[in-house]
Amino acid sequence: MTIDGAGNLGYTYRARVNAPVIDDVLGVSLSVFGKTTPGYMTNEYSGLRDTNKNRQYGARIAALWTPSSELSVKLTALTQTIEVDDLALRQFANSTAVANKDGAVIVAPTAPLPAFTENVAFLAPFNQRTNFFAATVDWNAGPFDVVSATAWSSQRTFYAMDTTPQLGTILQYLGGTGPGLVQFGTTFGLDKFSQEFRLMSPQGDAVEWLVGTFVTHENSSNFQYYKAFNPDFTPMTGPLAYPPGLLLVNLPDIYDEYAAFGDLTWKVTDAFSLSGGARYSHNDQDLNWYVAPGPLGLVTGNLHFGSHEGVFTWM
């Protein structure tokens, strides 16, 4: 794979295997993939070339186990990673409105940098890793079917960017010795677990019913910072020293939900049926945030927020 302006080649690979480990009992599917896109941006500030190279790769495995005609178990696992060295953003000094008879808001950039060129003190990397696991059990217990669905996922993302154009010139008024460089960075993620149980009547009866429960637990993280540097890239000292720098915040969040549900269908005739159902859920959300003292921290210290709600729905 080639891209105009890129100094290197890119490539893509994919592979998949389906295998019956035990005939009619156990089967497995495995797939892997990867892609590398070469960079083509040039950074005028540092002279670096091909800054925006990115890579994506991952794998998935799934298995189906049917030890008997009454029981089946399906397992799935997936992992994916994205690594971007720098975003390919078009930079320009300003923008002007363009007349449009239809009333649409259209702007045109003024004094744009040449194509495939950027001018930033800090690159804008983006990294993300995702993992997902799921298990579904279906058991025909005789008078009813039992279904259990379990899932767990985890995601972590890091992103940084150059905020010197917005904040660099005001460092001297926030405790710095003069104008400088500013880098923003954030790391955020989510861990989520969910579990659902369902009991269902056999299909085709005159009266069909379903009852179940559901629970989920989510734990999210969100860490952000603004670091100040001198023009030679050395960290600023004094009031702007990191940590906390210009701003340092930690914004975790915990969310829990519990629910119970059920529905009933009466097939009066082959052409006419009546159905009804209800669901009750309760959720709790707990936020314990921390904002470190710093020039951009309008409210600092530990901040707590919480909410609790119960909801009943029916059909």
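Residues are numbered from 1 along each chain as its sequence is written, and side-chain values use heavy atoms, with hydrogens and water left out. Because the model is predicted, local features need pLDDT of at least 70 and side-chain atom pairs count only at pLDDT 80 or more, while totals for chains, interfaces and linings use all residues.

**Aromatic rings**

- The whole structure holds nine aromatic pairs. Rings of Phe, Tyr and Trp (its six-membered ring) pair if their centres lie within 6.5 Å; planes under 30 degrees apart count as stacked, over 60 as edge-to-face and the rest as tilted.
- The pair of F122 and F233 is edge-to-face, because the ring centres are 5.6 Å apart and the planes are at 80°.
- This pair links distant parts of the chain, 111 residues apart: F122 is in the loop between β8 (117-118) and β9 (126-140), and F233 is in the loop between β12 (207-229) and β13 (247-250). Strands are DSSP runs (E, at least two residues), numbered from the N terminus.
- F122 is buried at a relative accessible area of 11%, whereas F233 is partly exposed at 38%. Buried means under 20% relative accessible area, exposed over 50%, and partly exposed in between (1.4 Å probe, protein chains only).
- F122 and F233 belong to one aromatic cluster with Y45 and F229.
- K227 lies over the face of Y225, at 4.8 Å from the ring centre, and over the face of Y242, at 4.6 Å from the ring centre. A charge sits over a ring if NZ of Lys or CZ of Arg is within 6 Å of the ring centre and within 35 degrees of the ring normal.

**Nonpolar core**

- The largest nonpolar core has 13 residues, and those with the most contacts inside it are L171, V182, Y226, A228, L240 and L246. Such a core is a set of buried Ala, Val, Leu, Ile, Met, Phe, Trp, Tyr and Cys residues joined through side-chain atoms within 4.5 Å.
- Strands β11 (181-200), β12 and β13 each supply at least two residues of this core.
- Beyond four places in sequence, V182 is in contact (heavy atoms within 4.5 Å) with residues including F122, L171, Y226, K227 and L246.

**Two strand residues**

- S154 lies in strand β10 (residues 145-162) and is buried, at 12% relative accessibility.
- The side chain of S154 makes a polar contact with the side chain of D191 at 2.8 Å. A polar contact is a pair of N or O atoms within 3.5 Å; within protein, one must be able to donate a hydrogen and the other to accept it, and residues adjacent in sequence count only if both atoms are side-chain atoms.
- V211 is in strand β12 and is partly exposed, at 39% relative accessibility.

**Backbone features**

- Most residues other than glycine have a negative phi, and most peptide bonds are trans.
- A cis peptide bond joins Y242 and P243, with omega about -5°, and another cis bond joins P243 and P244, with omega about 5°.
- D24 is not a glycine but has a positive phi of about 65°. D24 sits in the loop between β1 (11-22) and β2 (26-37) and is exposed, with a relative accessible area of 77%.
- D50, in the loop between β3 (42-43) and β4 (54-68), has a positive phi near 55°.

Terms used: Helices (H or I, at least four residues) and strands (E, at least two) are DSSP runs, numbered from the N terminus.
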